[in-house]
Amino acid sequence: MKMTEVVVITGSPSANSRSAALAAHARQLFEGRGVSVEQIDVKSLPAEDLLHANFNSAEIQAAIAKVSAARLLVVATPIYKVAYSGILKAFLDLLPQDGLTGKVVVSIASGGSAAHLLALDYALRPVLASLGVQSVIGNIYAVDSQLPRSPNGGYHIDTEIQRRLDAAVDAGFEQLVRLDLALTT
Ligand SMILES: Cc1cc2nc3c(=O)[nH]c(=O)nc-3n(C[C@H](O)[C@H](O)[C@H](O)COP(=O)(O)O)c2cc1C
């Protein structure tokens, strides 16, 4: 299978999601550098399959295949009850135990409060590590006040958060270039 370079996984159940807006921005930055990007919106996967951990579901299998073909993942989640979202966990639970081996991750969260700034480190990172992630090269946490609604119905991303997303995407792009060099030499 041809390797996809980046897969964006969004883990919010909300239709108009702040964390998904951050992920969309990261996606645009990768695409602007000529990187191919695929996306998995966990809320669009069949809820029954997620809740019943139906590994045989065609949609779940297709999503797992996308993840497996990626070199770099952007994982975006809202902070729910001091951790990442339940639907993101439901999806991660369906990945094989070594399903993220060697992958590089940029993790992104939006939360109502800065008090849970470390949730990506204490909650998501150990799960990613247990699935084999090689390194988390960027953790971006935005509070809702840094993502005010914009007149077009989306969200305006605060300059400092844009700067951090840019830096994470730069680091991710460098990793992809290094991987390419390693594969071709
Ligand atoms: C059920 C629920 C639980 C939440 N728990 C927290 C929390 O523990 N800490 C926090 O900072 N924000 C919490 N929030 C606020 C969201 O994390 C925040 O609004 C976030 O930007 C939503 O992201 P989304 O638009 O991508 O879903 C919670 C929101 C909901 C709906």
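How much space lies in the largest pocket? About 160 Å³ lies there. The views below come from a predicted model.

**View 1. The largest pocket and its lining.**
The lining of the largest pocket is made up of 14 residues. Nearest its centre lie Ser12, Ser14, Arg18, Pro78 and Ser110. Find helix H1, residues 18-32, and strand E4, residues 104-111. Each of these two elements supplies at least two lining residues. Now sort the lining by class: four residues are nonpolar, eight are polar and two are charged.

**View 2. The shell around the ligand.**
Around the ligand there are 17 residues. Which of them come nearest? They are Ser12, Ser17, Ser19, Ile79 and Asp144. H1 and E4 each give at least two residues to this shell. By class, the shell holds five nonpolar, nine polar and three charged residues.

An oxygen atom of the ligand sits 2.8 Å from a polar backbone atom of Arg18. A ligand oxygen is also 2.9 Å from a polar backbone atom of Ser113. At Lys81, the ligand atom is a nitrogen, 3.0 Å from a polar backbone atom of that residue. How much of the ligand's accessible area does the protein cover? On its own the ligand has 650 Å² of accessible area, and the protein covers 73% of it.

**View 3. The loop between E3 and H4.**
This loop runs between strand E3, residues 70-78, and helix H4, residues 86-92. Start with Lys81, which lies in the loop. Its phi is positive, about 45°, although Lys81 is not a glycine. Is Lys81 buried or exposed? Lys81 counts as exposed because its relative accessibility is 81%, and the cut-off for exposed is over 50%. That value counts protein chains only as cover. A polar backbone atom of Lys81 is also 3.0 Å from a nitrogen of the ligand.

Val82 is found in the loop too. Val82 also has a positive phi, about 70°, and it is not a glycine. At 37% relative accessibility, Val82 counts as partly exposed.

Ser85 lies in the loop as well. Ser85 is buried, because its relative accessible area is 1%. Its side chain reaches the backbone nitrogen of Leu88 at 3.2 Å.

Look in the loop between helix H2, residues 47-51, and helix H3, residues 58-69. Ser57 is found there. Is Ser57 buried or exposed? With a relative accessible area of 5%, Ser57 is buried. Which side chain does the side chain of Ser57 contact? The partner is the side chain of Asp49, in a polar contact of 2.7 Å.

Thr10 has its place in strand E1, residues 4-10. Thr10 is buried, because its relative accessible area is 4%, and buried means under 20%. Now pick out Ser44. Thr10 and Ser44 are 34 residues apart in sequence. In space, their C-alpha atoms are 9.9 Å apart.

Where is Ile140 found? Strand E5, residues 135-143, holds Ile140. Ile140 is buried, with a relative accessible area of 2%. Gln162 is found in helix H6, residues 159-184. At 30% relative accessibility, Gln162 counts as partly exposed. Along the sequence, Gln162 and Ile140 are 22 residues apart. From C-alpha to C-alpha, the pair is 9.6 Å apart in space. Ile140 and Leu22 are 118 residues apart along the chain. Their C-alpha atoms are separated by 9.1 Å.

Key. Residues numbered from 1 in each chain as written. Predicted model: local features only at pLDDT ≥ 70, side-chain atom pairs only at ≥ 80, totals over all residues. Heavy atoms only, no water. 1 Å grid on protein atoms, 1.4 Å probe; cavity = no way out; pocket = protein on both sides within 12 Å on 5 of 7 lines; lining within 4 Å. Points joined across faces, edges and corners; volume = space filled by probe spheres on them. Helix = DSSP H or I, 4+ residues; strand = E, 2+ residues; numbered from the N terminus. Nonpolar A, V, L, I, M, F, W, Y, C, P; charged D, E, K, R; others polar. Buried < 20%, exposed > 50% of the residue type's maximum accessible area, 1.4 Å probe, protein only. Polar contact = N/O pair within 3.5 Å; in protein donor to acceptor, adjacent residues only side chain to side chain. Near = heavy atom within 4 Å. Areas by Shrake-Rupley, 256 points an atom, 1.4 Å probe, with all protein chains shown as cover.
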